[in-house]
Amino acid sequence: MLKVKLGGTLVNKAGGRTEFEVEGANIMQMLRNLGRTCPELEPMLQKGVSVAVDGQIYRDAMLQPLGPENEIILLPRMAGG
Amino acid sequence: MPLDANTPDLRTEFKSVGTRPNRPDGVDKVTGRARFGADFALPGQLTGLILRSPHAHAKIKSIDTSAAEALPGVKAVITYKDIPEQEGCDKDVLVNIMARGTALYDGHAVAAVAAVDASVARKALKLIKVDYKVLKHVTDVDEAMKPDAPVLHPGRFDPVDFSTLENAAHVSGKEERKTATPAHSNIAGRYVFGHGDPDKGFKQADVIVEHEFKTEATHQGYIEPHACTASVSSDGMAELWVCTQGPFMVRDVCASLLGMDVSRLRVTPSEIGGGFGGKTTVFIEPVALALSRKAGKPVKVVMSRSEVFRATGPTSSASMWVKIGAKKDGTFVAADAVLKYQGGAFPGSPVEMGAMCAFACYDLKNVRIVGYDVVTNRPKQAAYRAPGAPMSAFAVEGVIGEIADKLGMDAIDIRLKNAAKEGTVSSYGPTFGPVGLVETLEAAKAHKNYKVKLGKNQGRGVASGFWFNFAGNTCVSINLNVDGTLALALGTVDIGGSRASMCLMAAEELGISYEDVRAVIADTSSLGYNDISEGSRVTFSSGLATIKAVRDLKVRMCGRAAKIWGIPEDAVKWENGAAHPAGSNAGNFPPLSIKEIAAQASATGGPLAGHYEINAEGAGPSFATHVCDVEVDPDTGAMKVLRYLVVQDAGKAIHPSYVEGQFQGGAVQGIGWVLNEEYFYGKDGTLQNAGFLDYRVPVCSDVPMIDTVIVEVPNPGHPYGVRGVGETSIVPPLACVANAVSSAIGVRARTLPMSPPRVLAALEGVAASKA
Amino acid sequence: MSAVHVSTNINGDDVEFVCRPDESLLDVLRDRLGMTGSKEGCGTGDCGACSVELDGRLVCSCLVMGAEVGGHKIETIEGMAQGDKLHPLQQKFLEHAALQCGICTPGFLVAARNLLERNNDPTETEVRYWLAGNLCRCTGYDKIVRAVLDTAKDMRKSAAKSSAKKPAAKKKAAPKKTAKKGARHAA
């Protein structure tokens, strides 16, 4: 089981819930299962999110392996200058 | 052999990296030979010009182009009808490049012409008749959030009932909203970050400081206006030469807007005359392509400076409230903020990133940040160097400066006491790995500038700053030439000397001379997709991909040497620019140099090349601490920056001169933001200062030498420890200068820019309160 | 609008061109003569990217009409290097990394050469005020000023070597920005 925390706007979309427990061996599976657990999040997940795994921010690496030991935080998608 | 892409072998000793050779594109740039966006020309090209709305907000009732079309020499006139909406395109970008029914800001494109020369094109623009119905407008972020504000996009954004939300008083300008909320609003998004319980935290505080702050919009101010030349042939094949930070982005977005297959559009980036985030989207490019498609001839479009100011993307203006509580010993116990950023006529202001960066420098147990993304009748904001971060840092670092004063603490000590370090749970969520904020603070404290004695009307300011740094999609190819030199093809546009850094890293990895590698920026048909040169990602990502591409090439070269020697491939190692037999074969054969391998390449299996494609991750964040001394003239309110110090963590400086250059350039852009620069709107909502005379960027005589210290706390995500450096340097200056002014004359600046009249008014306020 | 025929001299070469009366010298250089080394950053004389010398005086070529340069001498960035030998300022700009994007560089070089021809021993303040009509958004000016000061130092050294025969005249640069701007706009 993965522990996934939400950041930013995602919290509002999830009806105030900030933490979820979902299955998944990588980011793609985790996001898919999160969307099933909390359908209100689905539009945001489709739009794209960044995922911080142990402090490292991943924008697109869907196959990044995840385990129960990881700190996983969903963040809004970022753009830079 | 540590050639495996997954082995994090952090190199710590270098031969080429860390030296300061001349850049490979340097001679072209000092002789005028380098070709920038507007320097490109095609035979038979037409001149394209764009007609822009003179109103801040207006219904477009009709557009009559018949007289313009009839003018001799005019080859095409287009309106939004010539760019029909395609399924799946970004509607906001589509509407931004050409108004569809409503002009949303002063300068919004309404129509465009292509003619045989500029003179005819100018005449044609005057012949286009647009019938406008002027609507009420709003350009201020706080005004735009009021219930009675003119709504830009009726039906799009739901109203927000502030009375139920945290810190409602700071959202709606101190007045709780009691009236019925309107049907629609200009609030495009609301974002919350943080952890712990700030309300409880403040109860433990010995001192609490809270204030409201405002910053005006500023423009990136790149000296090269946007320019492109488009050529669409009758079979739908198209080419585009353009100054952009992201040629692949331009290709994909233009193809999507114009309904083209991506393969039909080839984009070649020119040299780029500055971007700072402002060239990370499209403005004129799809228009030039649409004009060329209609005219059947190449079309060149170059923006005037006035168009750049009115119609490209400045950054957001911001209205903010920040509250921080601290114990007597300086420990922060709680922090709270409301940030409101307007991002022009479309959603997407960088308020989320401003919110994430706001308190990122500090270890806080109780922190909350609420951000609002607001639309107004201004041009759609674009990224500007650490988008969103300088504004929130201005407010946060200003409050910290005041807390330090109240507690009688040194400005660096209070930051050291609360500084984020490895293991700190950041205010935006993730836990930090190895980061260098403490090191920058210590280096700033030890620097000679921090010990200079100050005179009358002089003051010193300190501020720290943070930026995430990006990585992303990156492709690199390296080809071994017949003589053993190398051709390195990069997909990230070189804005500030990155080709030199890539050549240094390739030379380091191969153990050869820097001069033996030549880097080019490839067009979009020559490499796989590369993300935009943005987010301080280039030296990290393209550097990583260059190192990995070279390692790929080394494996292949070692393979050739193995074949020549007749020994197994894994019995060959690469050292000092040559393949060496290793293990039990060590010493059995003389090494084969890169030149010898290159000479025999054809006879031993064909040309040799290495390549690497990745969606890179692992860019380490970069922290900075700035120290600035100013002198204020109490009679005029004018201010002089006496000394300025930038200390920043670069992870590893590949070419230290260009790292220093990023530090210095960012600092001076920040100084401009705090002292002079602002978008100034008239009552009618039109921009009043769309030129460099009235929008005053810092000139040479405004600033002193900018002292720099490069801190190197290696980023474990890069083989050489590189962190991006381009953006963090603009985060601290706003607060740094404001804190210095406060220490000089006792006036706390909470509205930017701190132009002389504002400083003078504040001084008079202080004098009056003392009287 | 009938075109005007103009005979002039650019970088030592006699040049003839035809232009419309509404074309600036910068338009002529870039669009008619293919000399794109001078850049247009603003078109209003505020950024200095189009700096050229007109009869030895530093001007913004966007503020000079093409039709009025007949009989005058124009020096542009293209004439700065002699063959394959860079001007000392060009060399120092490279060594000091005094450019990042490079769009303002030709204008800075032309302006800095004009300064050093008048004053081969400028103070930092004099350099800063002389170059105040040239905008650079990348460098924060630090390395540009260092490159100019370093070039001046080298030029004085080499002048001292040959000074036994002909001492170099030293003229003071106008220290005020207003004077400088005025000179540019006077063109």
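**Reading chain contacts and a sheet in a predicted model**

B:Ala58 stands opposite B:Val134, a residue of strand 6 of chain B.

Visitor: What kind of model is this, and how are residues and chains labelled?

Guide: This is a predicted model, in which local features need pLDDT of at least 70 and side-chain atom pairs count only at pLDDT 80 or more, while totals for chains, interfaces and linings use all residues. Residues are numbered from 1 along each chain as its sequence is written, and chains are lettered from A and ligands numbered from 1 in the order in which they are written.

Visitor: How does strand 2 of chain B run relative to strand 6, parallel or antiparallel?

Guide: Strands of a sheet pair through backbone hydrogen bonds, either parallel or antiparallel. Here strand 2 (residues 58-64) and strand 6 of chain B run antiparallel, joined by six bridges. Strands (E, at least two residues) and helices (H or I, at least four) are DSSP runs, numbered from the N terminus; pairing requires at least two DSSP bridges between two strands. The open sheet has three strands in the order 4-2-6, with strand 4 (102-103) and strand 6 (129-134) at its edges.

Visitor: Which pair of chains shares the most contacts?

Guide: Residues are in contact if their C-beta atoms, placed from the backbone, lie within 7 Å. Of the two pairs of chains in contact, B and C share the most. That contact takes 43 residues from chain B and 45 from chain C. Helix 18 of chain B gives the most to the chain B side, with eight residues.

Visitor: How far apart are the nearest C-alpha atoms of chains A and C?

Guide: They are 14 Å apart, and the two chains do not touch.
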